[in-house]
Amino acid sequence: MAVFVIDRRQAPLMPCSEKRARLLLARGRARVHRLIPFTIRLIDREVAQSELQPLELKIDPGSKTSGLALVRNNDTVNAETGKITATAHVLNLFVLICSSLKTRK
């Protein structure tokens, strides 16, 4: 799954792969900001210097648990036919557990 990334002023950037996060940490370009969910903070980058892509949060509601997916959509156009193909890349998956505060007797 992807690793969340923030800039040095704690503004969100695009998530990166686990391998890229390890390289940024090893080279001293990033610090661990939070363990759950795992987030790194870049020390040499700001939002103005970055290129962001649109992300979507997709929800699958359930009675006891709900699924959440952070998705990056990518539309490609075939040059020969002009057909548009949409692909979705899942960056992270989450499970939201709904519990009641009342206990039954």
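**View 1. The hairpin of strands S5 and S6, with six residues between the two strands.** In this predicted model, strand S5 (residues 65–77) and strand S6 (residues 84–97) form a hairpin, and Gly82 in the turn has a positive phi of about 80°. Helices (H or I, at least four residues) and strands (E, at least two) are DSSP runs, numbered from the N terminus. S5 and S6 pair in the antiparallel sense over 13 bridges, where two strands pair if DSSP finds at least two bridges between them. Leu68 has Phe94 of S6 as its bridge partner. The model is a predicted one, in which local features need pLDDT of at least 70 and side-chain atom pairs count only at pLDDT 80 or more, while totals for chains, interfaces and linings use all residues. Residues are numbered from 1 along each chain as its sequence is written, and side-chain values use heavy atoms, with hydrogens and water left out.

**View 2. The aromatic pair of Phe4 and Phe94.** The structure holds one aromatic pair, a term for rings of Phe, Tyr and Trp (its six-membered ring) whose centres lie within 6.5 Å, with planes under 30 degrees apart counting as stacked, over 60 as edge-to-face and the rest as tilted. Because the ring centres of Phe4 and Phe94 are 6.3 Å apart and their planes stand at 5°, the pair is stacked. Phe4 lies in strand S1 and Phe94 in strand S6, so the pair ties together parts that are 90 residues apart in sequence. Phe94 is partly exposed, with a relative accessible area of 31%; buried means under 20% relative accessible area, exposed over 50%, and partly exposed in between (1.4 Å probe, protein chains only).

**View 3. Ser66 in strand S5.** Ser66 is buried, at a relative accessible area of 11%. A polar atom of the Ser66 side chain lies 3.4 Å from the backbone nitrogen of Gly62. Not counting residues up to four places away in sequence, Ser66 touches Asp60, Pro61, Phe94, Val95 and Leu96, where contact means heavy atoms within 4.5 Å.

**View 4. Glu46 in the loop between strand S3 (39–42) and strand S4 (55–60).** Glu46 is buried, with a relative accessible area of 18%. The side chains of Glu46 and Arg9 are joined by a polar contact of 3.2 Å, that is, a pair of N or O atoms within 3.5 Å; within protein, one must be able to donate a hydrogen and the other to accept it, and residues adjacent in sequence count only if both atoms are side-chain atoms. Leaving aside neighbours within four places in sequence, the contacts of Glu46 are Asp7, Arg8, Arg9 and Leu13. Although Glu46 and Asp7 are 39 residues apart along the chain, their C-alpha atoms are separated by 5.1 Å.

**View 5. The largest nonpolar core, with nine residues.** This core consists of Val3, Val5, Leu13, Cys16, Ala21, Leu24, Ala30, Ile40 and Leu42; a nonpolar core is a set of buried Ala, Val, Leu, Ile, Met, Phe, Trp, Tyr and Cys residues joined through side-chain atoms within 4.5 Å. Helix H1 (18–26) and S3 are the elements that give two or more residues to this core.

**View 6. Backbone geometry at Gln10 and at Pro37.** Most residues other than glycine have a negative phi, and most peptide bonds are trans. Gln10, in the loop between strand S1 (4–6) and H1, has a positive phi of about 65° although it is not a glycine, and it counts as exposed at 51% relative accessibility. The peptide bond from Ile36 to Pro37 is cis, with omega near -15°, and Pro37 is placed in the loop between strand S2 (30–34) and S3.
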